[in-house]
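Work through the exercises below with the sequence and the model open beside you.

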Amino acid sequence: MRVVMFGYQTWGHRTLQALLDSGHEVVLAVTHPKSDHAYEKIWSDSVADLAEQHGVPVLLRNRPGDEELLSRLKEADPDLIVANNWRTWLPPEIFDLPTHGTLNVHDSLLPSYAGFSPLIWALINGEREVGVTAHRMDAELDMGDVLLQRAVPVGPQDTATDLFHRTVDLIGPIVIDSLDLIASGRAVWTPQDRSRSSFFHKRSLEDSRIDWTWTAEELERFVRAQSDPYPNAFTHHRGERLRIVSAAVSEGRYGGTPGRIFIREGDGVVVVAGAGARSGRLPGLVVERVRTEDGAEYAATEYFRTMGGYLTAHP
């Protein structure tokens, strides 16, 4: 088949590499220009560079739909478009152009976690597995019929970084297997169960702000979901922003006001957590490592030399 690829960052790079390895003909790659957005500067393997290395023509676009792009797509005459991490909506005149339409590859187990940053949101919410879905693109973002899905388990210590590496390794096999099914006429498309669908927005600074009324279990996942190189979960101490690099759920149960810097436990410092903490029946969050705004990292027992005071959502 003649294939056009739409994609960006490492997800798009892995997809393009799979297409190049598949034996099908990649006739055009469309990708976004480089961005200074915090979440787009990580996992930033270049689709454009890989395409150019293999003699594949490249177009850079923030948004699709201009006449030049439509003309180039018609000239390319693709049998299939494959998209992964394309950051804006594709119009019907693009996704319906090829004979076989457009295959979108999304890093969640659709219909759950459509939209943006699915691994981070899934880990925050305590999901037991994550994965990758190959589905047909239609007018509703990430809602088209599913061709293939692959899942991996989420372990109790896994970070978003761990899950990224585990799921990005699924991209190559699922792309190649999907193309084999489509090219051979064996593809079976299964409609998504809309009653189970969920859609998540792009992440921003506000989404990393710690709310100490969350339970310690929720906050521990919140910290793991924003592991390096992602922007870390943060709070404020004495008016300065403080990033929480690693944390655990306390063994003891501690009562008081959420956000109170309370007591040492093990290798960390317990911060009271949970809206019901006044009961004294909830564990706290053991903060293990922190990072200040100047990038310096400390063990919590080194940073918090004395107990007392509060960590707050705002200065």
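**Exercise 1. Find how far apart the mean positions of the positive and negative charges of the protein chain are.**

Step 1: Take Lys and Arg as positive and Asp and Glu as negative, leaving out His and the chain ends, and place each charge at NZ of Lys, CZ of Arg, CG of Asp or CD of Glu.
Step 2: In the protein chain this gives 32 positive and 44 negative charges, whose mean positions are 6 Å apart.
Step 3: Keep in mind that this is a predicted model, in which local features need pLDDT of at least 70 and side-chain atom pairs count only at pLDDT 80 or more, while totals for chains, interfaces and linings use all residues. Residues are numbered from 1 along each chain as its sequence is written, and side-chain values use heavy atoms, with hydrogens and water left out.

**Exercise 2. Locate the cis peptide bonds at Pro 111 and Pro 229, and the positive phi values of Gln 9 and Asn 85.**

Step 1: Recall that most residues other than glycine have a negative phi, and that most peptide bonds are trans.
Step 2: Leu 110 and Pro 111 are joined by a cis peptide bond with omega of about 15 degrees, and Pro 111 lies in the loop between strand 5 (102–106) and strand 6 (114–115); helices (H or I, at least four residues) and strands (E, at least two) are DSSP runs, numbered from the N terminus.
Step 3: The bond from Asp 228 to Pro 229 is also cis, with omega near 5 degrees, and Pro 229 sits in the loop between helix 7 (216–224) and strand 10 (233–237).
Step 4: Gln 9, in helix 1 (residues 9–21), has a positive phi of about 60 degrees and is buried at a relative accessible area of 3%, where buried means under 20%, exposed over 50% and partly exposed in between (1.4 Å probe, protein chains only).
Step 5: Asn 85, in the loop between strand 4 (80–84) and helix 4 (92–95), has a positive phi near 60 degrees and is buried at 14%.

**Exercise 3. Which strands pair with strand 7, and in which sense?**

Step 1: Two strands pair if DSSP finds at least two bridges between them.
Step 2: Strand 5 and strand 7 run antiparallel and are joined by 4 bridges, with Asn 104 standing opposite His 135 of strand 7.
Step 3: Strand 7 also pairs with strand 8 (residues 146–153), in the antiparallel sense over 7 bridges, and here Ala 134 has Leu 148 of strand 8 as its bridge partner.
Step 4: Strand 7 (residues 129–136) has 6 of its 8 residues buried, so it is largely enclosed by the rest of the structure.

**Exercise 4. Is the ring pair of Tyr 113 and Phe 200 stacked or edge-to-face?**

Step 1: Rings of Phe, Tyr and Trp (its six-membered ring) pair if their centres lie within 6.5 Å; planes under 30 degrees apart count as stacked, over 60 as edge-to-face and the rest as tilted.
Step 2: The whole structure holds 10 aromatic pairs. In one of them, the rings of Tyr 113 and Phe 200 have centres 4.9 Å apart and planes at 15 degrees, so this pair is stacked.
Step 3: The pair links distant parts of the chain, since Tyr 113 is in the loop between strand 5 and strand 6 and Phe 200 is in strand 9 (residues 199–200), 87 residues apart.
Step 4: Tyr 113 is buried at 8% relative accessibility, and Phe 200 is buried at 18%.
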